[in-house]
Amino acid sequence: MASFSERIQSVSPSGIRKVFDSAADDAINLGLGQPDFPTPEHARRRALEAIRNGNADAYTPNKGTHSLRDAIAAKYDRDYGLAVDPDDIIATAGGSEALHLALEAHVSAGEEVIFPDPGFVSYDMLTRVAGGTPKPVGLRDDLTLDPAAVEAALTDETAAFIVNSPANPTGAVQSEADMRAFARIADEHDVLCVSDEVYERIVYQGAHYSPLEFAESDNVVVVSATSKTYSMTGWRLGWVLGSTRRIDEMLKIHQSIQACASAPAQYAAEAALAGPQDPVTEMVDTFEKRRDLVVDGLEDAGLDVTVPEGSFYVMPEVPSGWCDAMLEHGLIVVPGDVFGENGAGYARLSYAAGTEELQDAMEIVRDVTQTVHGSR
Ligand SMILES: Cc1ncc(COP(=O)(O)O)c(C=O)c1O
């Protein structure tokens, strides 16, 4: 019968889209998951040169151009002191494809995937697409993922657990001790740790650590992208990094679904990674100021907020009806339960928006929160 697969029918469309669809055209949008900065000029230029010179017309090697993978490997040396073989990297269509490859290659039908709840919406969907069973686990009070909670959720059926730091939707950053513990769990229990590091450079306090730095086995696979760090969400360029045997298996899927990442985007990404990094520093400095503005605004409105240490999201606790009330008053925020059951009672606000917009948004928050509280 020309019906649909059970796997796909078990997946619901993104709840974020539904919020956008019901918003007024002139609403202030704090629902977006992308930086409001231009892609660095040198990255754009490099893609244009490649197009003009005819270097972007053909398929590249499946894993991506050698020079892009050299630039990615050099980044791991620079940022973490890790020696990565460029052949152990696949350039992908954004972090999204990288996550898809990691789960598709490692999860068998019925196996479980543990991930943070609230967490990035694709973890649940991609687990189902791979035929696996989602195992969301709740967070600590500071919205970080507790390694002990992951360890307690492991069963004989666990194929993988996902760690995401800095995190979407919470803005939480895992400590070095946590990352060491995730690496130990992957080693000791022989289970795969998928570390989603797409926000790795957007950190305000402390530093980002990767479980890859601490694992003794090859049970850590890293997913990252140029999307957030270089404001390149539209270019669709990410990567997955793992041991040779894991890359070999993931490559089988990538060859069939993608052949190679878009060639112009590969050139742009190489320039972004290898070129001057001041656009990243400037963007992160700006995000930090906006974070302070938004946290102050939410606290002034009487909301409880865990101060986010990274990414560009904040997740305050909100009274019932708060998100709908914001939407009615022209402010788009995303209800926390879109990111998992434990997100209920929270909202996600993205501060990847201009300062004036954020100031206007905080005025709405202050005024409308009073009304919502008052009506309880
Ligand atoms: C935590 C997380 N991982 C992965 C992605 C996917 O990123 P990309 O746009 O590179 O596919 C996102 C995008 O919002 C994200 O928030």
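**Figure 1. Buried residues of helix α6 in the predicted model.** In helix α6 (residues 121-129), V121, S122, Y123, L126 and T127 are buried, where buried means under 20% relative accessible area, exposed over 50% and partly exposed in between, with a 1.4 Å probe and protein chains only. Helices (H or I, at least four residues) and strands (E, at least two) are DSSP runs, numbered from the N terminus. The buried residues of α6 pack against α5, β3 (112-116), β4 (133-137), β5 and β6, contact here meaning heavy atoms within 4.5 Å. G131 follows α6 and has a positive phi, near 85°. This is a predicted model, in which local features need pLDDT of at least 70 and side-chain atom pairs count only at pLDDT 80 or more, whereas totals for chains, interfaces and linings use all residues. Residues are numbered from 1 along each chain as its sequence is written, and side-chain values use heavy atoms, with hydrogens and water left out.

**Figure 2. Packing of helix α5 with helix α6.** Two packed helices are described by the angle between their axes and the distance between the axes. Helix α5 (residues 94-106) packs with α6 at an angle of about 45°, and their axes are 9 Å apart; axes are lines fitted to C-alpha atoms, for helices over the stretch in contact, and angles run from 0 to 180 degrees between N-to-C directions. That angle makes α5 oblique to α6, given that angles under 35 degrees count as roughly parallel, over 145 as roughly antiparallel, 65 to 115 as roughly perpendicular and the rest as oblique. The crossing of α5 and α6 is right-handed, a crossing being right-handed if the near helix is turned clockwise from the far one by less than a right angle, and left-handed if anticlockwise. From α5, residues S96, L99, H100, L103 and E104 meet Y123, L126, T127 and V129 of α6. By class, this contact of α5 with α6 has 5 nonpolar, 3 polar and 1 charged residues, with Ala, Val, Leu, Ile, Met, Phe, Trp, Tyr, Cys and Pro counted as nonpolar, Asp, Glu, Lys and Arg as charged, and the others, Gly among them, as polar.

Figure 3. E104 is found in helix α5 and, at 29% relative accessibility, counts as partly exposed. When residues up to four places away in sequence are not counted, E104 touches V129, A130 and I253. Between E104 and T127, which are 23 residues apart in sequence, the C-alpha to C-alpha distance is 8.0 Å.

**Figure 4. Packing of helix α4 with helix α10.** Helix α4 (residues 66-80) and α10 pack at an angle of about 25°, with their axes 9 Å apart, and α4 and α10 are therefore roughly parallel to each other. In this pair, α4 passes α10 in a left-handed crossing. The contact is made by S67, L68, A71, I72, K75 and R78 of α4 together with Q266, A269, E270, L273 and A274 of α10. Sorted by class, the contact of α4 with α10 has 6 nonpolar, 2 polar and 3 charged residues.

Figure 5. Most residues other than glycine have a negative phi, and most peptide bonds are trans. In the loop between β5 (158-164) and α8 (176-188), which holds P166, the peptide bond from S165 to P166 is cis, with omega near -15°. P169 also has its place in the loop between β5 and α8, and a cis peptide bond with omega of about 15° joins N168 and P169. D190, in the loop between α8 and β6 (192-196), has a positive phi near 50° and is exposed, with a relative accessible area of 61%. A259 lies in the loop between α9 (244-257) and α10 (263-274), and its phi is positive, near 65°.

**Figure 6. Core residues around W322.** A nonpolar core is a set of buried Ala, Val, Leu, Ile, Met, Phe, Trp, Tyr and Cys residues joined through side-chain atoms within 4.5 Å. The largest such core has 105 residues, of which F161 and W322 touch the most other members. Leaving aside neighbours within four places in sequence, W322 is in contact with L303, V333, A347, L349, V365, T369 and V372. A second, separate core of 13 residues includes L143, M315, I332 and V334.
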